[in-house]
Amino acid sequence: MSNPLLEKQILPAFSRIKTDDIKPAIKTIIKDNKESIEKLLQEKKNYTWHSLQEALDVLSERLDQAWSPVNHLNSVVNTPALRKAHDDCLLLLSSFSTWLGQNVLLYTAYQQLAGSEQFDTLNQAQKKIIHDQLRDFRLAGVTLPEEKKKRFAEIHQQLSHLSSQFFGHLLDATMAWKKIVTDKEALAGLPESALSLARQQADSEKTEGYLLTLKFPSYYAAITYCDNPILREEIYTAYTTRASDQGLYAKKFDNSKIMQEIVTLRHEMAALLNFPDYATYSLQTKMASDPESVITFLRDLAEKSRPQALQELETLKSFAEKNLNGKPLQAWDIAYFSEKLKQAHYAVDQEALRPWFPLEKVLNGLFTIVERLYGATFHQQKHIDCWHKDVLFYQIEKEGKPVGQFYTDLYAREHKKDGAWMDVCRNRWKFNNHLQIPVAYLVCNFMPPAEGKPALLTHEEVVTLFHEFGHVFHHLFTQIDYPDAAGINGVPWDAVELPSQFMENWCWQKESLQLISGHYETGEPLSEKKLTQLLEAKNFQSAMMLVRQLEFSLFDMRIHIEDKQGKHIQKILDEVRQEVAVIIPPKFNRFQHGFSHIFDGGYASGYYSYLWAEVLSADAFSAFEEEGIFNRETGKRFLNNILSRGGSMEPEEMFIRFRGRKPSVDALLRHKGIMCDHN
C-alpha cells in the first residue's frame with residue numbers, strides 16, 4: 001500500500017494557498033475520510049493495529065496536513081477573507097470530529113482490538129494510543145442516547161464557533177486602538193528601541209510623529225518606561241478593557257456574552273456525560289485526578305508564597321511613594337516603578353540589556369546549548385515557501401540524519417496574534433518503511449529590526465524564546481512513530497509545559513549566558529558585573545508573579561466548577577483576587593475578556609498546568625544542577641526518558657525514570673527564591 005503523503009517530506013505550499021479554495025478542499029477531504037471510514041467499518045470484522053489504527057492515521061494525516069497551514073495563517077497573517085474561510089472550516093471540522101467521536105461502530109472496532117490476542121503483542125505506545133482512543137470516545141459521548149448525542153454535537157460546534165469569535169474580537173479590538181504622539185517629550189522615558197518602533201509604525205501609516213498601539217511590544221514599553229503617568233493610564237485602560245463592555249469599541253467587539261455562552265455550554269456538555277462540572281470532565285485527560293486536588297495544590301502554593309508577595313508589594317509602595325507626592329500607587333504605575341526599583345536594587349535594566357542579546361547571537365547560542373546537551377545540530381534551509389519575508393526555516397540533525405524541521409516567525413506586526421507559541425505542522429510518522437519527520441511552527445512577537453540595528457531582545461524575551469523552543473524540541477526529538485503519541489501528541493495538558501519551562505533554566509546560568517550574549521556591535525560579552533546583577537535580580541518580585549499565576553489558575557478552575565450559567569465570571573474573579581492576589585486592579589479592568597488561553601485555546605480548566613508542570617521542570621533541572629548543566633549523560637537521560645517519549649507513557653512514570661523518584665515542590669520554591677517553612 002503506497003502512501004503519497006510519505007513518499008517524500010512535503011512541506012506546506014503557503015504561497016499557493018488561495019482563500020477561496022480552503023473550504024472546498026477541507027470539505028472534500030472530510031467527505032473522502034467519512035466514506036473511507038464507513039467502507040473500513042463495513043469490510044473488517046477482526047481488526048488489527050494495521051487495519052484499524054494505521055488506516056485511520058493515513059486519513060487523519062491527510063486532513064491535518066491540509067488544515068495545519070490554514071489554521072496557522074489565520075494566526076499570523078489574518079485577513080477578513082481568511083478568517084471567514086477559517087471559521088467556516090472550523091464548523092466542518094467540529095462536526096466531523098463529533099461524528100468520529102460518536103461513531104459506535106468505530107468505538108466497537110477499538111473495543112474489539114483492545115480485547116484481541118494481538119493487543120498483547122503491541123508495544124507500550126500502541127497500547128496507550130488504544131486506551132486513549134477508547135477514553136476519548138466516551139468523552140465525546142459515544143455511549144449517549146441519540147437525542148443527547150445530537151445535543152452534544154451541537155454544543156461542540158457552537159463552542160468552536162464561539163472560541164473563534166472570541167479570538168476575532170480580541171484581535172480586532174487590539175488593532176483598532178492607536179495613538180499618535182507628535183511631541184517627543186510626552187514619551188520621555190521610553191527607550192530608543194521603543195521610540196524606533198513607534199516611528200516605524202507611524203511611517204508605515206504615513207503619519208508624522210510616533211504611533212503607539214496595543215500590540216504587546218508597544219504596550220509593554222509604554223507601561224514600563226513612559227514617565228508620563230497620564231499616558232500610562234490611557235494605554236493601560238485601553239489594553240485592560242480590550243474586547244469588553246468597558247472598551248472603546250464595546251458595541252463591536254465585546255466578548256462578555258461570548259464568554260458567558262462558552263462557560264454555560266461547557267458545563268452543559270459535561271452534564272450530558274454525567275460529570276458534576278466541566279473541570280471534572282476536562283481533567284479526565286490530565287495528570288491531576290480531580291478539581292479538588294488542583295485547588296488544594298494552588299492554595300498550598302498561595303499559602304507558601306503570598307506572605308512574601310505582600311512584603312514585595314510593600315517594598316514597591318515604599319519606593320514609589322517618594323515620587324508620587326502622597327498619591328496612591330495605581331495599577332498603571334506598578335510596572336513603571338517595579339522597573340525603577342529593580343534598577344535601583346540590582347542596576348538591571350531590561351532595555352539596557354538589549355544590545356547584548358541580538359537575536360542571531362541568542363539563536364546560535366541556543367543551538368550550541370542543545371548540541372552540547374543532546375548532540376543535535378541546526379542547519380538553516382534556504383528557498384523554503386513561507387508566509388512572510390521574516391520567516392526562517394531550520395533542520396535539526398543528529399549523527400548526520402534529519403530528526404525534525406521548524407519555521408520561526410519572531411517579529412510583531414499587524415494582523416498577527418499576540419503572544420508566543422509553538423504549533424504542529426507535521427507529526428513524526430512511520431508507515432510502510434517511509435518516515436515523515438516532525439515539523440513545528442515557532443511564533444513570537446519581538447520588536448523587529450529598526451533603524452539599521454538588528455533585532456535586539458530583552459533578557460525576558462530571551463526566556464520566552466527558550467520556553468517556546470522547549471516545546472519545539474519536545475515535538476521534534478520524539479522517537480515515537482505513531483502520530484497520536486508522537487511529540488506533544490497524547491501528552492497530558494498539565495505535563496506538556498515541562499520541556500518548555502525546563503529550557504528556561506539555561507537563561508539563568510553563567511556558562512550558558514556567555515553563549516547567548518554578546519554586544520551586537522563589538523561582540524563584547526556581558527561583563528561579570530552585569531552577569532552577577534542579572535542573576536541576583538532573577539527572583540525580583542517572584543512571589544508577586546507567582547500569586548498572579550495562582551489568581552489566573554484559580555479563576556479558571558472555579559468558573560469551570562461553580563459557574564454553571566456563566567453569570568458570575570466577574571464575581572468569581574473578584575473573589576479569587578481577594579483570596580490570593582496582592583494587587584487588586586481597578587473596577588474597569590477586564591482581564592478576562594482577553595484571557596485567550598481559556599476562551600480561545602486549550603487551557604480551559606488547565607491554566608494551572610503551567611505551575612503543575614513547573615514543579616516537574618524545576619525538579620528535573622535540579623538533576624543538572626547536581627551533575628553539571630552541560631552533562632551529556634544527564635542530557636541523554638532527559639532526552640531518552642522525557643523528550644523522545646512523547647505521549648507513549650504516563651508523565652509521572654517518565655519523570656521517575658529520569659529522576660529516580662517522584663517530583664517534589666521544593667525545587668520550584670527554591671528556584672523562585674521563596675522562603676517558607678517546609679515542615
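Student: How many aromatic pairs does the count come to?

Tutor: This is a predicted model, in which local features need pLDDT of at least 70 and side-chain atom pairs count only at pLDDT 80 or more, while totals for chains, interfaces and linings use all residues. Residues are numbered from 1 along each chain as its sequence is written, and side-chain values use heavy atoms, with hydrogens and water left out. Rings of Phe, Tyr and Trp (its six-membered ring) pair if their centres lie within 6.5 Å, and planes under 30 degrees apart count as stacked, over 60 as edge-to-face and the rest as tilted. By this rule the count comes to 56 aromatic pairs.

Student: Which kind of pair do Phe-367 and Phe-469 form, going by their ring centres and planes?

Tutor: The ring centres of Phe-367 and Phe-469 are 6.2 Å apart and their planes stand at 80°, so the pair is edge-to-face.
Phe-367 lies in helix α16 (residues 359-374) and Phe-469 in helix α17 (residues 459-476), so the pair ties together parts that are 102 residues apart in sequence; helices (H or I, at least four residues) and strands (E, at least two) are DSSP runs, numbered from the N terminus. Phe-367 is buried, as is Phe-469, where buried means under 20% relative accessible area, exposed over 50% and partly exposed in between (1.4 Å probe, protein chains only). The kind of pair is therefore edge-to-face.

Student: How many residues apart are Trp-506 and Phe-624?

Tutor: The rings of Trp-506 and Phe-624 have centres 5.3 Å apart and planes at 80°, so this pair is edge-to-face. Trp-506 counts as buried at 0% relative accessibility, and Phe-624 is buried with a relative accessible area of 0%. The pair links distant parts of the chain, with Trp-506 in the loop between α18 (498-504) and α19 (510-516) and Phe-624 in helix α24 (residues 609-627), and the two are 118 residues apart.

Student: Which residue has its charged end over the ring of Trp-508?

Tutor: A charge sits over a ring if NZ of Lys or CZ of Arg is within 6 Å of the ring centre and within 35 degrees of the ring normal. Arg-232 lies in this way over the face of Tyr-336, at 4.0 Å from the ring centre. Over the ring of Trp-508, 5.7 Å from its centre, sits the charged end of Lys-538.

Student: Is Ala-243 buried or exposed?

Tutor: Ala-243 also has a positive phi, of about 55°, although it is not a glycine. Ala-243 lies in the loop between α9 (229-240) and α10 (250-253). At 4% relative accessibility, Ala-243 counts as buried.

Student: What is the radius of gyration of the chain?

Tutor: The chain has 27 helices and 9 strands. The radius of gyration is taken over C-alpha atoms, and the globule rule is 2.2 Å times the number of residues to the power 0.38. For 679 residues that rule gives 26 Å, and the chain's value is close to this, so the chain is as compact as a globular protein of that length, with a radius of gyration of 25 Å.
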